[in-house]
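This briefing reviews the packing of a single model, topic by topic. Please consult the sequence and structure shown below while reading.

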Amino acid sequence: MQPRGRRPGHPGGRRAGRVPLQGSGLTTPAPPPDGVEVLGIDADDTLWHNETFFAAAADTFTEILAPWTPEGEDVRALHDATERRNLELFGYGIKGFTLSMIETALQVSGGDVSGAAVGQLLDMGKEMLAHPVDLLDGVADAVARLGESRRLVLVTKGDLIHQEQKIARSGLVEHFERVEIVSEKDERTYAQVVARMGVEPEAFLMVGNSVRSDVLPVIGIGGHAVHIPYAITWAHEDVDDDDTDFPVLASLGELADWLTDAP
């Protein structure tokens with residue numbers, strides 16, 4: 001199993017992700033499970049790049065706020081804490097990220113941050129929302145291959161409008177029988193997704209870049225899951241002190257190869 005601790009010097013926010021391994025650290029992945037009929041696929045950082053834009057925006061935010069930042073203040077950690085605290089109000093996504101930047105700017109500056117700086121933060125959020133969808137290498141071919149042998153459902157969390165826009169721009173929607181945009185990925189949500197697909201949990205396999213959101217809840221309801229790490233991981237998606245075993249692959253292409261031999 002791969003280490004799950006935070007990298008030293010990075011108490012929160014976006015950080016380098018885990019190095020992809022085969023089969024939860026084994027030399028060769030275990031054989032794929034029998035009887036999988038439905039394959040659930042995550043969107044952000046599984047089908048297309050996402051977290052890299054948040055990481056770049058966090059760097060720019062720190063630069064914009066520098067004139068009002070007291071010496072020794074960790075602006076990124078403060079913003080990360082604010083964003084997590086606001087999840088119940090704003091949900092996941094760029095809009096909550098942007099509003100949390102503004103709230104953090106007001107907090108750090110004691111309300112003195114300039115209107116021009118706040119305008120820069122708003123503009124940055126709008127640019128992130130309008131950014132073109134950038135598919136990961138090999139994803140289009142891999143999704144097409146996976147759809148030849150399995151029923152596919154896209155399961156993603158975040159802002160409804162923005163997720164709908166990204167899915168439409170991706171050019172991949174034709175491969176999916178169903179699209180599920182959810183507010184949270186937990187056992188209750190996955191049980192509902194599986195029921196709507198008309199299968200039992202043991203016939204469902206989820207794949208994604210987050211152990212917290214894409215792997216553990218699915219295993220928790222009796223389904224199967226594969227972890228495909230992304231280069232950058234939001235600390236909120238970290239999981240500590242869990243010894244659940246699951247396959248870890250490097251790409252959706254590897255997943256398609258791996259499932260080729262499944263019954």
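The model is a predicted one. The points below begin with this residue and continue with the nonpolar cores, the aromatic pair and a surface patch.

**Backbone at aspartate 45**

- Aspartate 45 is located in the loop that runs between β2 and α1.
- The phi angle of aspartate 45 is near 70°, which is a positive value in a residue other than glycine.
- Most residues other than glycine have a negative phi.

**Nonpolar cores**

- In soluble globular proteins, nonpolar side chains tend to be buried together.
- The largest nonpolar core comprises 25 residues. Within this core, the residues with the most contacts are Leu39, Ile41, Leu47, Leu146, Leu252 and Leu255.
- At least two residues of this core come from each of β2 (38–41), α6 (139–149), β3 (151–157), β5 (204–208) and α10 (252–260).
- The element that gives the most to this core is α10, with 5 residues.
- When neighbours within four places in sequence are left aside, leucine 252 is in contact with Ile41, Thr46, Leu47, Val139, Ala142, Val143, Leu146, Val207 and Ile228.
- There is also a second, separate core of 19 residues, and among its members are Tyr190, Ala203, Val215 and Val239.

**Aromatic pair**

- The partners are phenylalanine 54 and phenylalanine 97, in an edge-to-face arrangement with 5.0 Å centre to centre and 90° between the planes.
- This pair links distant parts of the chain, as the two residues are 43 residues apart. Phenylalanine 54 belongs to helix α1 (residues 51–65), and phenylalanine 97 belongs to helix α4 (residues 94–109).
- Phenylalanine 54 has a relative accessible area of 5% and is therefore buried.
- Phenylalanine 97 also counts as buried, because its relative accessibility is 0%.

**Nonpolar surface patch**

- Leu89, Phe90 and Leu99 make a nonpolar surface patch of about 300 Å².
- Phenylalanine 90, one of the residues of this patch, lies in helix α3 (residues 87–90).
- Phenylalanine 90 counts as partly exposed because its relative accessibility is 37%, a value between the 20% and 50% limits.

Terms used
Residues numbered from 1 in each chain as written. Predicted model: local features only at pLDDT ≥ 70, side-chain atom pairs only at ≥ 80, totals over all residues. Heavy atoms only, no water. Patch = residues over 30% accessible without salt bridge, like charges linked within 9 Å, V, L, I, M, F, W, Y side chains within 5 Å. Areas by Shrake-Rupley, 256 points an atom, 1.4 Å probe, with all protein chains shown as cover. Salt bridge = Lys/Arg side-chain N within 4 Å of Asp/Glu carboxyl O. Helix = DSSP H or I, 4+ residues; strand = E, 2+ residues; numbered from the N terminus. Buried < 20%, exposed > 50% of the residue type's maximum accessible area, 1.4 Å probe, protein only. Core = buried A, V, L, I, M, F, W, Y, C linked by side-chain atoms within 4.5 Å. Contact = heavy atoms within 4.5 Å. Phe/Tyr/Trp six-rings, centres within 6.5 Å; stacked < 30°, edge-to-face > 60°.
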